[in-house]
Amino acid sequence: IRSVDKNELPEEERKSKSWEYTEAPNVYTPANNTDYSMLTEQEHCIALAKEAMQHLFPEISITEFNFDDDWYSRSQFVSDLDDIDAYRERIKDSTIKAMFLRMKEEILKHISSARFKEYYTVNVGTSTADGTCFIIVAVSKEFDEVSVLRNVKDRSDFFRSLGHEFVDLTYAVNYYRERMVDLV
């Protein structure tokens, strides 16, 4: 399900990465005979989430579908970095401020060149004895595959299936945020 198979990477790059790849869980490939051309991206994602849930988990009672934008995408990384800018503006020392700006620019370069498949997400509400529980459904931006993430293990496996470049960016953005928050 990831866009870059680890076997396609040069051997030295494969050896330098200790990351354990996994397959995405609960993958559903949408039928090609359904016409979604009249739907918005949001409606298309919700329709595919419904279709995947009906095919993979028909026993689960669905109460709601909420489009939740793109958690697994370049734009989400950029948005996260932009959200952190408010912290950088609080830093008084211009040298430290400039250092963080250079760090952000470096991360932005990595975001633009990273190889990973991007996904929209849909939160699927299900009825439980305690109220409503949500399942995350990841819909590829090409609308050619859907992965249902029912629990933490599924989410972790999906996250790792995106490949080391996605994981490295996640760690870089989190490190940037933590360093910034520690200073402010």
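**From the fold to one residue**

Among the contacts in the chain with a separation of 6 or more, 69% are between residues 24 or more positions apart. The model is a predicted one. It comprises 184 residues, of which 42% count as buried. Its secondary structure consists of 6 helices and 5 strands. Read from the N terminus, these elements follow the order α-β-α-β-α-α-β-β-β-α-α.

Attention may now turn to the largest pocket, whose volume is about 150 Å³. Two or more lining residues come from each of the elements α3 and α6, the latter spanning 164-183. The largest share belongs to α6, which supplies 5 residues. By class, the lining contains 6 nonpolar, 3 polar and 2 charged residues. Among those that line this pocket are Trp71, Tyr72, Phe77, Asp80, Phe159, Phe166, Val173 and Arg177.

Asp80 lies in helix α3, which covers residues 74-90.

Which side chain of opposite charge is nearest to Asp80? It is that of Arg177, 4.1 Å away. A salt bridge requires a side-chain nitrogen of Lys or Arg within 4 Å of a carboxyl oxygen of Asp or Glu. Asp80 is therefore buried yet without a salt bridge.

How values were computed:
Residues numbered from 1 in each chain as written. Predicted model: local features only at pLDDT ≥ 70, side-chain atom pairs only at ≥ 80, totals over all residues. Heavy atoms only, no water. Helix = DSSP H or I, 4+ residues; strand = E, 2+ residues; numbered from the N terminus. Buried < 20%, exposed > 50% of the residue type's maximum accessible area, 1.4 Å probe, protein only. Lys, Arg positive; Asp, Glu negative; His and termini not counted. 1 Å grid on protein atoms, 1.4 Å probe; cavity = no way out; pocket = protein on both sides within 12 Å on 5 of 7 lines; lining within 4 Å. Points joined across faces, edges and corners; volume = space filled by probe spheres on them. Nonpolar A, V, L, I, M, F, W, Y, C, P; charged D, E, K, R; others polar. Contact = heavy atoms within 4.5 Å.
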